[in-house]
Amino acid sequence: MEYDNNIPRDIYQEQEENSLTLKDIWSLCIGHWKWFALSLAACLLIATAYIMTTVPVYTRKASVLIKQDRKSGTVAGDLSTTFTDLGMGMSQVNVNNEIINFTSPDLMLQVVQNLNLDVDYKIKGKRYKYTIYGTSLPVQVQFLDLGRNEGAGLILTQEDANYAILTDFTKGKAKFDSQPVPVALGDTVNTPLGRILVTSSLYAEKDMVDRPLIVTRSGIPGTARSCLGRLTADLNGKNTTVIDLTYKDVNTQRAEDVLRMIINVYNENWIKDKNQITTSTNEFIAERLRIIEEELGNVDESITSYRSTHMLPDNTTAAQMDMQMSAQAGQHILELNNQLSIARFLQSDISSAAAGTLLPANVGLDDSYTQSQINQFNTTMLQRNRLVESSSEENLLVRDLDQQLTALRSTILSSLDNYIKSLNIQIQSNQQAQRSSQARVSDIPLQAGRLLSDERQQMVKENLYLFLLQKREENELSQAFTAYNTRVVASPSGSGSPVAPNKKMIYLIALLLGLAVPFAWFYLKEVLNTSVRGRKDLENLSAPFLGELPATYKKRSIFQPLRISDKPEDRKIVVKPHSRNVINEAFRVVRTNLEFMQGKDPGSKVLMVTSFNVGSGKTFVSANLATSLAIKGKKVIILDLDLRKRSMSIFAEQPKQGVADYLNGQTDDWQNLVVHNVGGNALDVLPVGTMPPNPAELLAEPRLAGLLDELRPVYDYIFLDCPPIEIVTDADLVAPLADITIFIVRAGLLERSMLPEIDRYYNSKKYNNIALLLNGTEATGRYGYKYGYKYGYKYGYHYGKYANDKEE
């Protein structure tokens, strides 16, 4: 838009602002309170219907204490401490890992299978279908031929205590058109869904007879995921090891059973995990016992055969002292060889052990550091295997544990290597001492040395054999004393009030929506409205304000756009004598303002009525304002100079001859063309008459100025009903002949961006004495009207019982 240099820019900026104050918003809401009430009532009604038709959901909660490894004064506590030191007892428990175990899909899958949760039973109620379960379930249905992931459904109607009818078979989205299938309770029957077994429940009730039972079978994995979504596990406190398990379900008994089964399945899995170390150790001991037993038999047989062949006696007394020293050295060597053998066996087993397997623990190795590393390796391996079961090997925690296991394995093998080297050094030292003793008894036959070597092997293997037998018994005892690592602190329980639907929250949301929806609609409608809304939009214009007129039409809805009727029956004069309704008082105010403007120049009789837009109400304003002046006793005439549409001529019933004929020179007597008493009032109208093909040329003729000169002495007011400006040139041609230009601004039709153009016309004197008339503002419900519904400026005169009268 180009700005006129004579007009301050801040005027345009103020015109283009579209901000809303709190007062404006409040007026906007109050003006449409009925829509707010209707929206609020509808939302509350929908909320009530939703609450009444939604199945209530209940919550059940159980608390489980996770036991930590601690010493106690009881026999079981002493045994637990002993087994922990041996690497076969309970280890420290990570509570966060146990929370993951409680909410693992595999655990929930076992729960669903144990409780048969994949089959759901419902009965139609008055408002919704409610679930029956447990003690309220009359029969149980088993789908024998469906896969784990297949869903199906049917309706079971129990005829009596021993007989039922199956109907409405569905499988997935497919529905079978089949005849009802009768079945005796306890029997298997062939149906479109395969074989179905229907058994009577222990809690069968007579009132369930003849009531259709809706049976739905869902896939087991899908049911497990659904149940897992309703389960939550959280720590009871920051420094506690108590886990709170919460489960939501439409049936309270089923919710309690699910929580109990979760705890039971968790305990069973825990026992299996803890017994894996004992089982692995037992297998290792059994294998070593078998090998040592064979080797010990071979040594015994070799000694017996050698003595029998060579008839060797016992050691002589002469070498008793030396032999005693040699025996002591041999004893040390025996113990060292024992440890060396165990270390090598353990080294060989660790090196060849497959990934993911546990290492033998508590095999009698005297190296406490290596033994503690093995125990730590087994504990970490168990933790890693549990994580793999509940997630996958790509889990970051699993990878971290794998790195720890690799490091531990390397540390253990390094420790064993160092320990073996140490044993070899000690053995060499003792062997050297033994050889020194044997040198002093060199007279002992070589055969005695052979026997001594065999006997030494025999003793080593016997000691090792007895040692492994003892450890095997200890492992069996450890397995027998393995206990659950949980204790139920609070059994599944909960309130009888449902947690969903949350009535308070739903009604609150409905209340907010009921207010927010109409508010958003009207607010956006107001913000996006770029047209003139009321008098406040015109306050910053330089042109004088003549007045405003309320709308005389009624919208059918808030969604109906502004429409101006072209029907003749809708073009009527609403100003009546003695009428005190809103529109009549509005025209009286405009009439008074017009007379005030004319009072400055009594010769200002010619009033041109125009606008920017088609449908602004020029003809309506001209006819009714002229009528208002005529009722007051003024001589008034209206010239219909809108030669293209002939809108004003409608009021004069469109005679064949008129101002067009006069301007065209077809007649010189304008008095015969005037229609008198239009609308039953002393109002004269000079209609168009014949519609000319050249309106602009006719209006440019000097005859129009001459006609107005002849009318001035006769009439007090001469209204020129002209077309909109800038659409055609007609108004520009007539403008120099007019004393006052009444510029009609239609509320809701004229864009606010066009208002600076009016100021430009006013300041440039393009049109004589421009005065603005705001037309089409919304009327209030009482006597009076406001300057646009957004701003709420109201005024009016209260006339008691006549306030709302349309006519007298």
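The legends below describe views of a predicted model.

**Figure 1. Overview of the protein chain.** The chain has 808 residues, of which 45% are buried. Its secondary structure consists of 20 helices and 23 strands. Of the contacts with a separation of 6 or more, 77% join residues 24 or more positions apart. The exposed surface comes to about 41,200 Å², with 52% of it supplied by carbon and sulfur atoms.

**Figure 2. Packing of helix H6 against helix H7.** Helix H6 spans residues 105-115 and helix H7 spans residues 220-229. The two axes are 9 Å apart and meet at an angle of about 110°. Angles from 65 to 115 degrees count as roughly perpendicular, so H6 is roughly perpendicular to H7. The crossing of H6 past H7 is right-handed.

**Figure 3. Residues in the contact of H6 with H7.** H6 contributes Pro-105, Met-108, Leu-109, Val-112 and Gln-113. From H7 come Ile-220, Pro-221, Thr-223, Ala-224, Cys-227 and Leu-228. By class, nine of the contact residues are nonpolar, two are polar and none is charged.

Figure 4. Strand E10 covers residues 194-200 and includes Val-198. The relative accessible area of Val-198 is 0%, and buried means under 20%, so this residue is buried. Phe-143 is 55 residues from Val-198 along the chain, and the C-alpha atoms of the two are separated by 9.1 Å.

How values were computed
Residues are numbered from 1 along each chain as its sequence is written. This is a predicted model: local features need pLDDT of at least 70, side-chain atom pairs count only at pLDDT 80 or more; totals for chains, interfaces and linings use all residues. Side-chain values use heavy atoms; hydrogens and water are left out. Axes are lines fitted to C-alpha atoms, for helices over the stretch in contact, and angles run from 0 to 180 degrees between N-to-C directions. Helices (H or I, at least four residues) and strands (E, at least two) are DSSP runs, numbered from the N terminus. Angles under 35 degrees count as roughly parallel, over 145 as roughly antiparallel, 65 to 115 as roughly perpendicular and the rest as oblique. A crossing is left-handed if the near helix is turned anticlockwise from the far one by less than a right angle, and right-handed if clockwise. Contact means heavy atoms within 4.5 Å. Ala, Val, Leu, Ile, Met, Phe, Trp, Tyr, Cys and Pro count as nonpolar, Asp, Glu, Lys and Arg as charged, and the others, Gly among them, as polar. Buried means under 20% relative accessible area, exposed over 50%, partly exposed in between (1.4 Å probe, protein chains only). Accessible areas come from the Shrake-Rupley method with a 1.4 Å probe; for residues, only the protein chains shown count as cover.
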